[in-house]
Amino acid sequence: MKHLFIVNPAAGKAGNENELLDQIQELDLDCEVVHTQRQEEACEIARAAAQRGEPLRIYACGGDGTLNEVINGAAGFDHVAVTNVPLGTGNDFLKIFGPENKEKFSQLEELSRGPQVALDLMECNGKLGVDIFCAGVDARIAADVHKYRRLPLVRGIGAYILSLVANVLFKGISRQTQVEAGEYAYQGQTAIVCVCNGRYYGGGFMPVGDNLPDDGKLEMLVVPKVSRRTFFRLVGEYAKGRYRQHPDLITAVEGTEFTITAPQPLVAVVDGEVLREQRYHIRLSDKKVNFFYPQGLSYQPRMEEAN
């Protein structure tokens, strides 16, 4: 079996890549290492490798964006499996295996021998995602974080706090939105709209704690316009998956197809990738992706997540 490591040199902290390359050299496997130099290149590399037809395991070495690109290239190929080696700052999808277990995906010897599972994918305007789509103030905060990271002396959580303050206090929480899902329809100001296949996004938010990425359905949460005071009171509950405790403020819809439209371009994020469109059509994709992970881990919800 071939083992292809697609490395995003722009992801994560300096020094992580050197440790990764040292580990790869020690593996007694048929390995190939390719570095990306531009956006979407990981998708192209993964698709070209998958089309050769040989059994293949692809390691997306980077953050959620790198994993997303590799999945878009490898989805639908039964002889290919992918995983994520966490070089990025978030790697939110891996938290489904336990937030404390993320670093086990950096132990390449064990990871290379791990089991695999066929995961569902959602398709948004032609782009595939394995984790979460969001189109609300949370998406705008995530989209602006990179801008604030470029400011002098701003690092890590500081950039997130600046983006949060700017978007919630100065740019307004809500946007005019129309949401449709089967018999459900809503039109009005919305603060958050998210569609979940996975469980984690935004650096640790877990809106639907009992969600599974292989159950053949998606979960959508809709938060209408709320005051700033209510938003700050509610956001902690939302982040911990306690939406059932607030049915008056958070609507949950289960399904396989959703449409979100707005009179003006709406910022959305799919697995960390930023989109700006007036209409989003999200559906459960016909394609799946094989995902491999370290032996002994599980993506099943734990009690503290499901509550």
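# Cavities, a pocket and aromatic pairs in a predicted model

Student: Which helix gives the largest share of the lining of the largest cavity?
Tutor: Helices (H or I, at least four residues) and strands (E, at least two) are DSSP runs numbered from the N terminus. For the largest cavity, the largest share of the lining is four residues. These four come from residues 228-239, which form helix α7.

Student: What is the volume of the largest cavity?
Tutor: Two cavities of 30 Å³ or more are found in a search of the whole structure. A volume is the space filled by probe spheres set on grid points, which are joined across faces, edges and corners. For the largest cavity, the volume is about 60 Å³.

Student: How many charged residues are in the lining of the second largest cavity?
Tutor: The second largest cavity has a volume of about 40 Å³. Its lining consists of D64, L67, N68, F93, V130, D131 and D271. Three of these residues are nonpolar and one is polar, while the number of charged residues is three.

Student: Which element gives the most to the lining of the second largest pocket?
Tutor: A pocket is an open set of points with protein on both sides within 12 Å along at least five of seven lines. The second largest pocket is lined by N16, E19, L20, Q23, V85, P86, L87, G88, K102, E103, S106 and L108. The one that gives the most, with four residues, is α1.

Student: What is the volume of the second largest pocket?
Tutor: The lining of this pocket divides into five nonpolar, four polar and three charged residues. The volume of the second largest pocket is about 190 Å³.

Student: Why is the pair of F105 and F291 described as tilted?
Tutor: The structure holds 13 aromatic pairs. Rings of Phe, Tyr and Trp (its six-membered ring) pair if their centres lie within 6.5 Å; planes under 30 degrees apart count as stacked, over 60 as edge-to-face and the rest as tilted. The ring centres of F105 and F291 are 6.4 Å apart, and the pair is tilted because the planes stand at 50 degrees.

Student: How far apart in sequence are the parts that the pair of F105 and F291 ties together?
Tutor: F105 belongs to the loop between β4 (80-86) and α4 (108-112), whereas F291 belongs to strand β13 (residues 273-292). The pair therefore ties together parts whose separation in sequence is 186 residues.

Student: Are F105 and F291 buried or exposed?
Tutor: A residue is buried under 20% relative accessible area, exposed over 50% and partly exposed in between (1.4 Å probe, protein chains only). F105 has a relative accessible area of 0%. F291 is likewise at 0%, and so both residues count as buried.

Student: What kind of pair do the rings of Y293 and Y299 form?
Tutor: The two ring centres are 6.3 Å apart. Y293 is buried at 11% relative accessibility, and Y299 is buried at 9%. The ring planes stand at 85 degrees, so the pair is edge-to-face.

Student: Which residues do ring pairs link into a cluster?
Tutor: One member, F93, also lines the second largest cavity. The residues of the cluster are F93, F97, F105, F291, Y293 and Y299.

Student: What distance separates the C-alpha atoms of K95 and Y200?
Tutor: K95 lies in the loop between β4 and α4 and is buried, with a relative accessible area of 12%. Along the chain, K95 and Y200 are 105 residues apart. Their C-alpha atoms are separated by 6.6 Å.

Conventions:
Residues are numbered from 1 along each chain as its sequence is written. This is a predicted model: local features need pLDDT of at least 70, side-chain atom pairs count only at pLDDT 80 or more; totals for chains, interfaces and linings use all residues. Side-chain values use heavy atoms; hydrogens and water are left out. On a 1 Å grid over the protein atoms alone, a cavity is a set of points where a 1.4 Å probe fits but cannot get out, and a pocket is an open set with protein on both sides within 12 Å along at least five of seven lines; lining residues have an atom within 4 Å of a point. Ala, Val, Leu, Ile, Met, Phe, Trp, Tyr, Cys and Pro count as nonpolar, Asp, Glu, Lys and Arg as charged, and the others, Gly among them, as polar.
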